[in-house]
Amino acid sequence: MISQKLIDFAHHRQSDWIDILSRELHVRIAEKLRNDQNLLGIPLYNLRLWKRTASPEMKLMIRRWKLILMTWKPEEIIEFLVSDTNESRELRRCSPFCGVLSPHEIGSVWEASSRSQKLA
């Protein structure tokens, strides 16, 4: 369950906060993938599930992710997850990596981001 503190945090961020937060989450995902490349099965599984109910627009994103996951080397995928390109930012908004991080790990990224926003 998402706490009210995290909901309030989300409502009061600058316009690019979601890209910043998403990148930070994917930095953590990349760390886990470096240690266990078998975790790459999670996004492939998620894509298979999502394809069943996806809109035509969403199916384009699914195909792009599937192409990346099926043809790129794990090191290239990891680098892409944390890169700061238009394509990586766009695809992180529709990331199939849910399930790689635990709720506790996700919460710690939110909390760290919240603290850094207060300092800014």
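Select Ile77 to start: leaving aside residues up to four places away in sequence, Ile77 touches Leu40, Ile68, Leu69, Trp72 and Phe97, where contact means heavy atoms within 4.5 Å. The model is predicted, so local features need pLDDT of at least 70 and side-chain atom pairs count only at pLDDT 80 or more, while totals for chains, interfaces and linings use all residues. Residues are numbered from 1 along each chain as its sequence is written, and side-chain values use heavy atoms, with hydrogens and water left out.

Next, select the largest nonpolar core. It has 27 residues, of which Ile29, Leu33, Trp65, Ile77, Leu81 and Phe97 touch the most other members. Such a core is a set of buried Ala, Val, Leu, Ile, Met, Phe, Trp, Tyr and Cys residues joined through side-chain atoms within 4.5 Å; buried means under 20% relative accessible area, exposed over 50%, and partly exposed in between (1.4 Å probe, protein chains only). Helix H2 (17-35), helix H4 (56-71), H5 and helix H7 (103-119) each supply at least two residues of this core, and H2 gives the most, with 6 residues. Helices are DSSP runs (H or I, at least four residues), numbered from the N terminus.

Now show H4 and H5 together. They pack at an angle of about 140°, with their axes 8 Å apart; axes are lines fitted to C-alpha atoms over the stretch in contact, and angles run from 0 to 180 degrees between N-to-C directions. H4 is therefore oblique to H5, since angles under 35 degrees count as roughly parallel, over 145 as roughly antiparallel, 65 to 115 as roughly perpendicular and the rest as oblique. Trp65, Ile68 and Leu69 of H4 meet Ile77, Phe80 and Leu81 of H5.

Turn to the rings of Trp65, Trp72, Phe80 and Phe97, which ring pairs link into a cluster. Rings of Phe, Tyr and Trp (its six-membered ring) pair if their centres lie within 6.5 Å; planes under 30 degrees apart count as stacked, over 60 as edge-to-face and the rest as tilted. The count comes to 3 aromatic pairs. Trp65 and Phe97 have ring centres 5.5 Å apart and planes at 75°, so this pair is edge-to-face. Trp65 lies in helix H4 and Phe97 in the loop between H6 and H7, so the pair ties together parts 32 residues apart in sequence. Both Trp65 and Phe97 are buried. Trp72 and Phe80 also form an edge-to-face pair, with centres 5.3 Å apart and planes at 90°. Trp72 is partly exposed at 26% relative accessibility, whereas Phe80 is buried at 8%.

Finish at Ser83, in the loop between helix H5 (74-82) and helix H6 (86-92). Ser83 is buried, with a relative accessible area of 14%.
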